[in-house]
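Thanks for asking me to look this one over. Here are my notes on the charged side chains, point by point.

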Amino acid sequence: MEHSMARQLAALILSDEERTELKALAGRRKTAQALALRARIVLACAAGGQNKEVAAKLGVVEMTVGKWRRRFVQDRLEGLRDEPRPGAPRTIDDARVEATIVRTLESLPKDATHWSSRGMAKESGLSVSSVQRIWRAFGVQPHRMETFKLSTDPDFVAKVRDVVGLYVSPPQRAVVLCVDEKSQIQALDRSQPMLPMRPGQPTRRSHDYTRHGTTSLFAALDIATGKVIGKCYSRHRAAEFRKFLDEIETAVPRGLDVHLVMDNYATHKAPLIRNWLAKRPRWHVHLTPTSSSWLNQVERFFALITDKKIRRGIYRSVQALRADIMDFIAHHNADPRPFKWSKSADEILASIERFCRYNTQAQAS
């Protein structure tokens, strides 16, 4: 009697492809465990097991077995996937979102140079959090401003192609050195001892300091190896640059040409330097365009030493500062790694062209 009243279960017959796929899903041990369990339920049902038997075997409730049996019979393998969840309904329609973005981009508040989230919330009637979510979704950041400077060098294109050509395809039997100086590095001593970092609290230092003089770092970066030739001088005149060129001349093997990448700074084009270079035919100078320090790879090394050594350093004398700088260079050269130049001259020039065209259109509109 009890058996006759039991609900008739839908037949569950698997194709070979379905059985293979289900076994693969069921065999997962680390990921998608919910899907693996559903596959094991279907395989057990297909083997002839009743819902109650399968539930006991797999340690789930009988309703769960019935649910995934029905879903598979109806939608096959796709029925085992989770259905997309709709989430909370939107309370801000597209028109209000668009109005907020347009107002942010095309207008200014009366009492400020840029919109704040609170100001825009008050203006638009939205909550502060809603304004912040809209700005975040569209990548709008009114509080940020970046700087730029385009080179006005009439030979900009030719110089970019020349320098980048060295980086991408350096000449044979030659060394390519990027040269510049980081001038007026200050030896700063804090007025009070630094407080060390603790859990939940960063390192702290006093805002005031004592100056103990300055030094200038002249550096030449070998683009092939990443090694740096460095020397500190008290000043950064043509006389000091000439001494630094002597250092490079001594360091580079005689059989190699020297290709020097540098800017057109007054120190670099003084008669003393021109005469020195003219007497050495193995030296070849490649000038970067004006206002284009980003093209000189040694600037990347300057950023590295500033971030890792100079910015947080505490020095009670210029001698201590110089010793720390030279120690950093020695450690760098013990395991040097060249910086990877990934942009061709065509890509750089195309990017600048797009930037100029965009800003011209923006000004015109």
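1. Let me begin with arginine 237 and glutamate 240, whose side chains meet in a salt bridge with an N to O distance of 2.8 Å. Please keep in mind that this is a predicted model.

2. Next, have a look at glutamate 249 and arginine 254, which form a salt bridge whose closest N and O atoms are 2.9 Å apart. Glutamate 249 is buried, at a relative accessible area of 12%. Arginine 254, in turn, counts as exposed at 64% relative accessibility.

3. This pair also belongs to a wider arrangement.

4. Which parts does the salt bridge between glutamate 18 and arginine 76 tie together? The side chains meet at 2.7 Å, N to O. Glutamate 18 sits in helix α2 (residues 16-26) and arginine 76 in the loop between α5 (62-75) and α6 (94-106), so the contact joins parts that are 58 residues apart in sequence. Glutamate 18 counts as buried at 13% relative accessibility, and arginine 76 as partly exposed at 27%.

5. Finally, the overall tally: the count comes to ten salt bridges.

Key. Residues numbered from 1 in each chain as written. Predicted model: local features only at pLDDT ≥ 70, side-chain atom pairs only at ≥ 80, totals over all residues. Heavy atoms only, no water. Salt bridge = Lys/Arg side-chain N within 4 Å of Asp/Glu carboxyl O. Helix = DSSP H or I, 4+ residues; strand = E, 2+ residues; numbered from the N terminus. Buried < 20%, exposed > 50% of the residue type's maximum accessible area, 1.4 Å probe, protein only.
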